Amino acid sequence: MQVYDSTQAARFTQLLTQREAELRAILAATGDLADAAPDMTPREVVDFKDLAIEETQAVVDEAKAEHAGVELQQILAARHRLADHTYGQCLDCGDAIDLRRLTALPATAFCTACQSIHEQEHLAATRR
Ligand SMILES: [Zn+2]
């Protein structure tokens, strides 16, 4: 298994930066920019009565924005780990994460084994 090492920092910084830009674009398009990206241009003041008319679209956008917001937090956390030289290590067990997994999911904080445990826990929680 190939693992991440600091010689690949530039490559992963680029992957994370690229994905961050995509997510910020989604958040900007869905109007949730102010919460997720306080360092960017504030959105214009909007009339919330007008927004209610577009409710159906807003629900879709909200789900999309929420998902993008969560992923953006993961990206930012991953960039911190890159700076801290802890990137590529599983947050749960401390093992090195497979490089192929990191390449596909640069923001991932868990190895495949720990991720599947988390997903099972999540499934169990949503079934309740
Ligand atoms: Zn793990």
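This is a predicted model: local features need pLDDT of at least 70, side-chain atom pairs count only at pLDDT 80 or more; totals for chains, interfaces and linings use all residues.
I started at Ala 113, which is found in helix 6 (residues 112-127). Residue numbers run from 1 along each chain as its sequence is written, and side-chain values use heavy atoms, with hydrogens and water left out.

Ala 113, continued. Its relative accessible area is 48%, so Ala 113 is partly exposed. My cut-offs there: buried is under 20% relative accessible area, exposed is over 50%, and partly exposed is in between, with a 1.4 Å probe and protein chains only. I also looked up Cys 93, 20 residues apart from Ala 113 along the chain, and the two C-alpha atoms are separated by 9.4 Å.

Overall picture. I counted six helices and zero strands in the protein, and the pattern along the sequence reads α-α-α-α-α-α. The protein has 128 residues, and 29% of them count as buried. I then took contacts (heavy atoms within 4.5 Å). Among those between residues at least 6 apart in sequence, 58% join residues at least 24 apart.

Helix 1 against helix 4. How do helix 1 (residues 9-29) and helix 4 (residues 55-84) cross? Their axes come within 9 Å, and the crossing angle is roughly 155 degrees. That makes helix 1 roughly antiparallel to helix 4. The axes are lines fitted to C-alpha atoms, for helices over the stretch in contact, with angles from 0 to 180 degrees between N-to-C directions. On that scale, under 35 degrees counts as roughly parallel, over 145 as roughly antiparallel, 65 to 115 as roughly perpendicular and the rest as oblique.

I noted the hand too: the crossing of helix 1 and helix 4 is left-handed. That term applies if the near helix is turned anticlockwise from the far one by less than a right angle, and right-handed applies if it is clockwise.

Next, the residues that meet. On the helix 1 side they include Phe 12, Leu 16, Arg 19 and Leu 23, and on the helix 4 side they include Ala 68, Glu 71, Ile 75 and Leu 82. The residues of this contact divide into 13 nonpolar, three polar and six charged.

Two residues of helix 1. Leu 16 lies in helix 1 and counts as buried because its relative accessibility is 0%. I listed what Leu 16 touches, not counting residues up to four places away in sequence: Ile 75, Ala 78, Arg 79, Leu 82, Tyr 87, Pro 106 and Ala 107. Leu 105 is 89 residues from Leu 16 in sequence, yet the C-alpha to C-alpha distance is 9.4 Å.

Arg 19 also has its place in helix 1, but at 27% relative accessibility Arg 19 counts as partly exposed. Leaving aside neighbours within four places in sequence, I found Arg 19 in contact with Glu 71 and Ile 75.

Aromatic rings. How many aromatic pairs does a search of the whole structure find? I got three. Rings of Phe, Tyr and Trp (its six-membered ring) pair if their centres lie within 6.5 Å; planes under 30 degrees apart are stacked, over 60 edge-to-face and the rest tilted. Tyr 4 and Phe 12 have ring centres 5.5 Å apart and planes at 85 degrees, so that pair is edge-to-face. Tyr 4 and Tyr 87 are edge-to-face as well, at 4.9 Å centre to centre and 85 degrees between the planes. Tyr 4 is in the segment before helix 1 and Tyr 87 in the loop between helix 4 and helix 5 (99-104), so this pair ties together parts 83 residues apart in sequence. I logged Tyr 4, Phe 12 and Tyr 87 as one aromatic cluster. Tyr 4 counts as buried at 14% relative accessibility, and Phe 12 counts as buried at 0%. Tyr 87 is buried too.

Last entry, His 85. This residue lies in the loop between helix 4 and helix 5 and is exposed, with a relative accessible area of 63%. I flagged His 85 for its phi, near 65 degrees, a positive value in a residue other than glycine. Most residues other than glycine have a negative phi.

Notes
Helices (H or I, at least four residues) and strands (E, at least two) are DSSP runs, numbered from the N terminus. Ala, Val, Leu, Ile, Met, Phe, Trp, Tyr, Cys and Pro count as nonpolar, Asp, Glu, Lys and Arg as charged, and the others, Gly among them, as polar.
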